[in-house]
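Welcome to a short tour of one protein model.

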Amino acid sequence: MSAAVDVVFPCLNEAAALPAVLARLPDGCRAIVVDNGSTDGTAEAAEAGGALVVREPTKGFGAACFAGLSAATAPVVAFMDADASFDPADLPKVTQPVLEGRADLVLGARTPEGRSAWPLHARVANRFLAWELRRRADVDLTDLGPMRAARRRDLLALGIADRRSGWPRPWSSPSG
């Protein structure tokens, strides 16, 4: 039986966190771990946890995300950090609206718990980017959280060529 959701985990040295993350993956989800040059046994930990492992030699979050999307076969694809900063049990909150056709794209929103949980530079950049998307797209957005879901075919149809760390940036051109 094929999964309804493929969950892409772009990874660089996440072997320690992966077993717990993969164990909490909801039913109906298949893990695709994209190893982006790890040196700590990330690929082996992912395989031991039952994940499909894709090796992406081109460095960068965007390259890893695209490699995972390219390997996905489920109608809905979710992206999630593999560092255990998010609970995979929360995935249905972002995947269910897409699966039910109520949304094209759902972004999970984080709530920082304490100053050290989310570095100041990351909070400022995230706040600015969320504001910019609210302004340009007239959407209610508070966070560009790294737990998100969309239909696979729609993501591929975007033709995003930027494979750098900012992927996916909806307003970027192929030249960046």
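Why is strand S2 (residues 29-35) largely enclosed by the rest of the structure? Six of its seven residues are buried, so S2 is largely enclosed. Buried here means under 20% relative accessible area. Please keep in mind that this is a predicted model.

The table lists the two pairings.

| Strand paired with S2 | Sense | Bridges | Residues standing opposite |
|---|---|---|---|
| S1 (residues 5-11) | parallel | seven bridges | Cys11 and Asp35 |
| S3 (residues 52-55) | parallel | four bridges | Asp35 and Arg55 |

How does the chain get from strand to strand? S1, helix H1 (residues 18-23) and S2 form a β-α-β unit that is right-handed. From S2 the chain then passes through helix H2 (residues 42-48) to reach S3, in a β-α-β crossover that is right-handed.

Stepping back to the whole protein, you can count six helices and six strands. Read from the N terminus, the elements follow the order β-α-β-α-β-α-β-α-β-α-β-α.

A few totals round out the picture. The protein has 176 residues, and 43% of them count as buried. Among contacts between residues at least 6 apart in sequence, 65% join residues at least 24 apart. The protein exposes about 9,600 Å², with carbon and sulfur atoms supplying 54% of that area.

Notes:
Residues are numbered from 1 along each chain as its sequence is written. This is a predicted model: local features need pLDDT of at least 70, side-chain atom pairs count only at pLDDT 80 or more; totals for chains, interfaces and linings use all residues. Side-chain values use heavy atoms; hydrogens and water are left out. Buried means under 20% relative accessible area, exposed over 50%, partly exposed in between (1.4 Å probe, protein chains only). Helices (H or I, at least four residues) and strands (E, at least two) are DSSP runs, numbered from the N terminus. Two strands pair if DSSP finds at least two bridges between them. A crossover is right-handed if, with the strands pointing away from the viewer, the path from the first strand over the helix to the second runs clockwise. Contact means heavy atoms within 4.5 Å. Accessible areas come from the Shrake-Rupley method with a 1.4 Å probe; for residues, only the protein chains shown count as cover.
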